[in-house]
Structures are given as structure tokens and as C-alpha cells.
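The exercises below each set a task and then work through a solution. Keep the sequence and the 3D view open while reading.

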Amino acid sequence: MADGCGCDRHTHRYLTVEEASRRGLSASDPVTETETLPLARAIGRVLAEDCSSKLDMPAFDNSAMDGYAVRLSDLDAGPDYDLPVAGRIAAGDSGAYSAPAGSALRIFTGAPVPAGFDAVLMQEDCELTEDGIRFARRPKPGQHIRRAGEDLRAGAPILPRGCEIGAREAAALASAGYGEVEVYRKLKVTIFSTGNELRQPGEVLGPGQIYNSNRFMLLALLDKPWIALTDKGPVEDDPALLEQVLRDACDSADLIVITGGVSVGDEDHMPRLFSAIGGETDVMKVAMKPGKPIMFGRRGDALYIGLPGNPVSAYVTWQIIGAPMMARCAGLNLAPPSPEQAVLAEPLQRHPGRQEYRPVVIDGTAPDGRPRLRMMAASYSGRVALLAQADGLAILPADKDSLPAGHPLGFLRF
Ligand code: AMP
Ligand code: MG
């Protein structure tokens, strides 16, 4: 996956965010193994088959209203119509019903409309009489009848493979007759965070120590029904220990996500260890702020993503580059995140050069309806608490150093 020795670690060329994303996605091979699960257990999983309806929908002519089914041929010239009511059909009853000529049937929403009946009158349009019903307007043919197959014909496509089975998908599959579906097996993901300074929240901090936020961030980001997660917790910056954890992870996981240890000071630490256990690596300097550097690697079937240790950087690089890679590995067929259009609330000065993702809050709306975005105070990349107060990330173009108020910006809403 490294371009020979022309990898960016050596050339120091910065990749654009798009180039880095493309490179990440092309290194991400989807799982191929599938399993067949009862629909109730497939919820949240990734569909591995193209699904089409197993039956006409609706499967039979049925009433769209509570009211009365009639035969137009029974109706005389009017102006008022009187019919006796010969029977009653509710949802779930069979439609096999023979009513004497010249009579109506009491019918409820979803009940089958028996053969020969060709209109349903809303009960609100009928007056009850001693003998039956009276109504004033002749119904139109087919009125308030949902015809068999009018929504969907048997065999019509309903869902493509690669979609996540959420509420709408589960309902569509159930209505189309799927008692069980084929889904991709869960993606096996192993995470760990590197750093001697890391302590668990709840513990007492010693000098120079900080709480491990990345671990919990990743636990939340990877809490998906289509992931089987292994959490190795924090690992100290001890090469022997790191190598062992990395080796174990490569033997068992499809995807390994770690934070820290790829950045300034000891830039080659994780790449070197990864190479030492027989992996190929690609450390990319991406013209992205926050975010560089990001490391990809592969050993055997395991793909490795090394995120920056800094929690804001880790979050942003994960959302922009890591999450689409993971989705692809899991078999998901997702469109890349598409920013909405927003405008800058106040003028902004910045250093150009890297495409920047800044946590922002929405501060009202521009006259044309686009959200106005306000930068958060001192959004330097260590301040992860700011992320929790932000409404999303504004995308500041790489080439601009000064942006006036009202300048259009891409916005990735949380
Ligand atoms: P590194 O990439 O390991 O050099 O870390 C960069 C910065 O992020 C340092 O200030 C680290 O202390 C901090 N950091 C690394 N890992 C974590 C973590 N899991 N939680 C919070 N901060 C971290
Ligand atoms: Mg570190």
C-alpha cells in the first residue's frame, strides 16, 4: 500500500483530504462472508443481498376507510341512495363474502373488499337508517379501495445490498415477506490508545497525567450492531508491549484503530513496530487541520488506522477519513458525507495551507435560510470539551487566509 519508498513519510508531500480519503478507501476491502438471520436479529446489520418484494403489495384489494362497501350496479338514479347492510368485514377477515344483490357491507380499514364490490363510502358520508344506510352522492368507481399490487408488484426491488437495516428498512423487509435476511458478518474491530500519560477517568491524576478521552470517544463511535468490538484499553508507550498488542490485534481483527504514537517527536514509532511485525504501512501527511499525520497499514487481512493522539484531531480524522473506511470494510454502501451550505457569522483570519475543520456553533440564520456559523473561542485542537458544545464542523478552504462575514462555508452538522 505504500507507494514503494515514495511514501509521503519520505517525500514530505502533503496529500489533499480527497487524496487521503481515496487512498484510505482503496485500502479498505469489504467483508465477503455473510450469515442468514431472522429479521428481528438482523436489525442494525448490513444487508448482503438485493431484496425485492416476495408478493404484490397490497396483496389483495382492501378498504382505505372505515365505511361501507357497495356495488355501483346496485345504485339507482338517486338523488338519495338507500341500501340495507348485509354483513360486516373487519381487517383480518377473509374476503370470501357473498352479499345479496342490492345490499352494502359494513367494512373497516384494511379489510378485504369482496369480489364484485367496487367502491367504499366513508362512514362520515352515510346516514344510518332503520334498514341500513342512506347517502347522497354516487361514489366513483374504485373509490377508497387500495388495489392489489398498486404499491409494488411481486419482484419489484425494495432494498439494495449494502444498506443498514434501520427502522424503515426493517419495516419494508417485513412487509415484503422477509422472515430472514442475509447480512454481512460483523466487522471485527480492535481499538487501543497509546500513551504513558493516560489514566482512566475516575482515577486520581498524577503529575503529567491526563484522562484517556480517545478510548471513550472510539467506544461511542464504534458502538454499532454491525461491529464486534475488542477494546484493548490504554497501552503504555513500551515498544515490546505495543508490538505484542499489535500482533494479537492483527491476528484476530479485520480493522485496528489506535490513537497516538504517530505524531511529532517519535513519528516513526508505530510505523516501525507495524513493519517489524510484517505489516506494510503508509504514513500520510494530509493537508488537513486538525489531523496530520494519519497512518494506514495492512498485515494479512487486518487493516490498521492510526489516528493522531490529540482527541479533536482523532475525532475529525476519524469522521472525515476513518469512518468511511470502516463503513466500506463492513459492506456498507454509503455516500461520502456531504456538507450543507452555511455562511460565516463573523470575519475570520487564519493561516492558509490546510483544509480546516473547525468546531462551530450555529448562530441564527442568514436571510436566505442558510445557517450562520460562529467559530468557537480558542478552538485549538486539544480542547475536546468544545466538541461537545459544537453543532458541527465548518470546512475552511485550504487557500483562504481571510474570510469576510457572510462568506459561504461547507458545514458538517453533528
Ligand atoms: P501523540 O499523538 O501520542 O503524540 O499525542 C498527542 C497529544 O494527544 C498529546 O498531548 C497526548 O497527551 C494527547 N493524547 C494522546 N492520546 C490521548 C488520549 N487517549 N486521550 C486524551 N489525550 C490523548
Ligand atoms: Mg503519545
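**Exercise 1.** Is A253 buried or exposed?

*Solution.* The cut-offs come first: buried means under 20% relative accessible area, exposed means over 50%, and partly exposed lies in between (1.4 Å probe, protein chains only). A253 has a relative accessible area of 7%, so A253 is buried. Next comes its place: A253 is found in the loop between helix 6 and strand 17 (255-259). Helices (H or I, at least four residues) and strands (E, at least two) are DSSP runs, numbered from the N terminus.

Some ground rules apply throughout. The model is predicted, and local features need pLDDT of at least 70, side-chain atom pairs count only at pLDDT 80 or more, while totals for chains, interfaces and linings use all residues. Residues are numbered from 1 along each chain as its sequence is written, chains are lettered from A and ligands numbered from 1 in the order in which they are written, and side-chain values use heavy atoms, with hydrogens and water left out.

**Exercise 2.** State how the protein is divided into domains.

*Solution.* Domain bounds come from an automatic or database domain assignment. Domain 1 covers 17-32 + 186-329, and domain 2 covers 34-56 + 158-184. Domain 3 covers 62-146, and domain 4 covers 340-413. Taken over C-alpha atoms, the centres of domain 2 and domain 4 are 39 Å apart.

**Exercise 3.** Describe the salt bridges R247 to E243 and E169 to R168.

*Solution.* In the R247 and E243 pair, the closest N and O atoms are 2.9 Å apart. R247 and E243 are four residues apart in helix 6 (residues 239-252), which means that about one helical turn separates them. R247 counts as partly exposed at 30% relative accessibility, and E243 counts as partly exposed at 24%. Elsewhere, salt bridges that share partners join E33, R185 and D254 into one network.

In the E169 and R168 pair, the closest N and O atoms are 3.9 Å apart. E169 counts as buried at 14% relative accessibility, whereas R168 counts as exposed at 68%.

**Exercise 4.** Where does C163 lie?

*Solution.* C163 lies in the loop between strand 11 (157-159) and helix 4 (167-175). Its relative accessible area is 15%, so C163 is buried. The C-alpha atoms of C163 and V46 are separated by 5.6 Å, although these residues are 117 residues apart along the chain.

**Exercise 5.** Find the cis peptide bonds at P58 and P290, and the positive phi values at H144 and G278.

*Solution.* Most residues other than glycine have a negative phi, and most peptide bonds are trans.

- M57 and P58 are joined by a cis peptide bond with omega about -10°; P58 lies in the loop between strand 2 (51-52) and strand 3 (62-63).
- K289 and P290 are joined by a cis peptide bond with omega about -5°; P290 lies in the loop between strand 19 (288-289) and strand 20 (294-299).
- H144, a residue other than glycine, has a positive phi near 55°; H144 lies in the loop between strand 9 (132-135) and strand 10 (145-146). H144 counts as partly exposed at 26% relative accessibility.
- G278 follows helix 7 and has a positive phi near 95°.

**Exercise 6.** Which residues of helix 7 (residues 269-276) are buried?

*Solution.* The buried residues of helix 7 are H269, M270, P271, L273 and F274.

Technical notes: Salt bridge = Lys/Arg side-chain N within 4 Å of Asp/Glu carboxyl O.
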